[in-house]
Amino acid sequence: MKSKKTKKLAYAALFLALCLVLPLLTGQIPQIGSMLLPMHIPVLLCGLVCGWQYGAAVGFVAPLLRSLLFTMPKLYPVAIAMAFELLTYGLVIGLVYRRLAQKGTVGVYAALLTAMAAGRLVWGAAEVVLLGLNGNAFTAQAFLAGALLNAVPGIIVQLILIPAVMAALQKANALEK
C-alpha cells in the first residue's frame, strides 16, 4: 500500500515539474506559445494517472508556484484564476475517469472532454469574481476568446497528446489496474 502512495507522489512531483518547465519551452514560440496551454497537459495527465486528489493539488499549486518563481503568469488575476481552472481539470478528469467502466481511449476522451468543459467554466467564474473585485467586468466576449478561440491550438494538442500518452502508459503496464 505504501509503495502505491509513494509512486503516486513521485508521479505528481514529476507532473508539477513539467508544469513549471513546459511553459519555458513553448514560450519560445511567441505567436502560439501561450495558446498551447502547456500547464494543462501535465495536470490532466496527473488526474488520470494519480487520481483526482493529486490532480487537483498539482493543478492548484502549479500556476501559483510558477508565478512566484518566474513571475509568469502574473499572479493577479491570471495565476489565481488558472489555479482554480487547473484544480478543476485535475479533480474532474480524475473523478470521471475513476468512475467510468471503460478505461481505454473512450474513457480518456470522456473524462478529458468533461474536465475541459468544467475547467473553462470555473476559469470564467474565477475571472468574473477576481476582476469584479477591482470593479472591472469580465464580458462574454472575453470568456469566449480566452476559453475557446485563443485556446484552439492547446485544445487540439490536448485531444491528441493525452489519449496517446495514456495509451502508451497502458501498453507499457505503467498504470495501476
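Okay, let's start with a pair of helices: α2 passes α3 in a right-handed crossing, where right-handed means the near helix is turned clockwise from the far one by less than a right angle. Helices here are DSSP runs of H or I with at least four residues, numbered from the N terminus.

Before I go on, this is a predicted model, with local features needing pLDDT of at least 70 and side-chain atom pairs counting only at pLDDT 80 or more, while totals for chains, interfaces and linings use all residues. Residues are numbered from 1 along each chain as its sequence is written, and side-chain values use heavy atoms, with hydrogens and water left out.

Back to that pair. α2 covers residues 40–50 and α3 covers residues 52–70, and they pack at about 160 degrees with axes 6 Å apart. The axes are lines fitted to C-alpha atoms over the stretch in contact, and angles run from 0 to 180 degrees between N-to-C directions. So α2 and α3 are roughly antiparallel, the label for angles over 145 degrees. Who touches whom? From α2 we have Val43, Cys46, Gly47 and Cys50, and they meet Trp52, Tyr54, Gly55, Val58 and Gly59 of α3; contact means heavy atoms within 4.5 Å. That set splits into 6 nonpolar, 3 polar and no charged, with Ala, Val, Leu, Ile, Met, Phe, Trp, Tyr, Cys and Pro as nonpolar, Asp, Glu, Lys and Arg as charged, and the others, Gly among them, as polar.

Next pair: α5 (residues 105–133) and α6 (residues 140–149), at about 140 degrees with axes 10 Å apart. The α5 side of the contact is Arg120, Leu121, Trp123 and Gly124, and the α6 side is Ala142, Phe143, Gly146 and Ala147.

In the loop between α5 and α6 you'll find Ala137. Buried or exposed? Ala137 is exposed, at 66% relative accessible area; the cut-offs are under 20% for buried and over 50% for exposed, with a 1.4 Å probe and protein chains only.

Last, the inside. Leaving aside neighbours within four places in sequence, Ile162 contacts Ile41, Leu44, Leu45, Leu48, Val108, Leu112 and Val157.

Conventions
Helix = DSSP H or I, 4+ residues; strand = E, 2+ residues; numbered from the N terminus. Parallel < 35°, antiparallel > 145°, perpendicular 65-115°, else oblique.
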